[in-house]
Amino acid sequence: MSPLTLAIFLLLSILTFIHILSRPKDHKNQPKLPPGPRSLPIIGNLHMLGSLPHRALHSLAKKYGPIMSLRLGHVPTIVVSSPQAAELFLKTHDTIFASRPKLQVSEYLAYGTKGVAFTEYGSYWRNIRKLCTLQLLRVSKIDSFAPMRKEEVGSLVQSLKKAAAAHEVVDLSGKVCELNEETTCRMIFGRSSDDRFDLKTLIEEAFTLAGASNLADYVPYLGALDLQGLTQRMKKCGKALDIVLENIIKEHEKIPSSDQQDRETNFIDTLLSLMNQPMNPHDEQVYIIDRTNIKAIIIDMISGAYDTSAVSKVGIVKVKGEERSDGKQNEEEEEDSIGRGISER
Ligand code: HEM
């Protein structure tokens, strides 16, 4: 037997042994699960998902019904695939299913449960969400950035006009994504995106890692082996993001308070002004806002704003472009509604 075969054989034996030990002993007290396909040891039903999981789940649901159970590695999973069943989970019993799963990516890239997006549903989440809603995302605050959004949209429309006059080809999605990065950076950091920090590359890497299927999330005892190399990448990216955020926060802390008057609307300055204070003084559980909270909230805001808004803005521009080619709008109306459509979102 070659050393490699021996190593694989030993690894499989150890994993099977751990799997048998970690199986629940008392089958009678296990909750009754909805119907679903039989699962294999260790990997559960992961092998059934294939390269197009949405299609695999669709055909499994046709066989097992709109509420079916699977096991993804060690994680019991319920797959819901009809509007009526979705309403039961997302509306009728929403508080039971409100928490997001605990993922390795949140540990390394989003400061664990210190922010809002990955925190378990409960008192801490209610407090930090209230803080974000009242201090950062309230209508008056978002409205205070309207002139900045208008200015950025205006310069995009002007650059598109110039390109059109010169019959140049324009990567519109790219331009709209750049616009989104710029408005997000100005809202969160109070200034334009900065080459010194290369935040964009780090955010793109963080999105790739967040979207990857990580075996460690499904079979935790394989996590230590980091077979896909994802943990190492997450640690590297998380560390680099932390350095960038620390540098930006230190810059904001250095600014004398007299200079802050016209800068206090950006998210970092707002959060720094609340540091070491209770998140919600009226709550019996007092959570104090610390530096890690601030960094975690900033990461949530950047990831919340980067992709979603860019995708919707590209959609608006595309629909408006189609209306224009159908002759539904004249040039002036189009410029006005694209600008308004983008800056209002
Ligand atoms: C068109 C743009 C956007 C869309 C379609 C969108 C959509 C969503 C959705 C579907 C959720 C999940 C809600 C849930 O699980 O209950 C979410 C959460 C979130 N979004 Fe957005 N979003 C957009 C823009 C933004 C922007 C601009 C920001 C920040 C400035 C943001 C920050 C967040 C945060 C922090 C969360 C997590 C909230 C929580 O877990 O309680 N989003 N968003």
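Let me begin with the buried residues of helix 8, which in this predicted model are Val 176, Leu 179, Asn 180, Glu 181, Thr 183, Thr 184, Cys 185, Met 187, Ile 188 and Phe 189. Helix 8 itself has 18 residues, spanning 172-189. From its first C-alpha to its last it reaches 25 Å, close to the 26 Å expected at 1.5 Å a residue. After helix 8 comes Gly 190, with a positive phi near 80°.

I turn next to the partner of this helix. The axis of helix 7, residues 146-165, comes within 10 Å of the axis of helix 8, and the two cross at roughly 155°. An angle over 145 degrees counts as roughly antiparallel, and helix 7 and helix 8 are therefore roughly antiparallel to each other. Their crossing is right-handed.

Which residues of helix 7 meet helix 8? They are Met 148, Arg 149, Glu 152, Val 153 and Leu 156. Residues three or four places apart in an α-helix point the same way, because there are 3.6 residues a turn. On the side of helix 8, the residues met are Lys 175, Leu 179, Glu 182, Thr 183 and Arg 186.

A second pair of helices deserves attention. Helix 9, residues 199-211, and helix 11, residues 230-254, have axes that come within 10 Å and cross at roughly 145°. This crossing is left-handed. Helix 9 contributes Leu 199, Leu 202, Glu 205, Ala 206 and Leu 209, which meet Leu 230, Arg 233, Met 234, Cys 237, Ala 240, Leu 241 and Val 244 in helix 11.

Is helix 2 buried or in the open? Of its 12 residues, the number buried is 0, so helix 2 lies largely in the open. Helix 2 covers residues 53-64 and reaches 16 Å between its first and last C-alpha, close to the 16 Å expected at 1.5 Å a residue. The residue that follows helix 2 is Gly 65, whose phi is positive, near 105°.

Finally, the protein as a whole. Its secondary structure comes to 14 helices and 2 strands. Of the 345 residues, 23% are buried. Among contacts with a separation of 6 or more, 61% join residues 24 or more positions apart. The average pLDDT is 85, and 82% of the residues score at least 70. Over residues 341-345, however, the pLDDT is below 50, and this stretch has 12 contacts in the model beyond near neighbours in sequence.

Definitions and conventions: Residues numbered from 1 in each chain as written. Predicted model: local features only at pLDDT ≥ 70, side-chain atom pairs only at ≥ 80, totals over all residues. Helix = DSSP H or I, 4+ residues; strand = E, 2+ residues; numbered from the N terminus. Expected span 1.5 Å × (residues − 1). Buried ≥ 20, exposed ≤ 12 C-beta atoms within 10 Å, placed from the backbone. pLDDT = per-residue confidence, 0-100. Contact = placed C-beta atoms within 7 Å. Axes fitted to C-alpha atoms, helices over the stretch in contact; angles between N-to-C directions. Parallel < 35°, antiparallel > 145°, perpendicular 65-115°, else oblique. Left-handed = near helix turned anticlockwise from the far one by under 90°.
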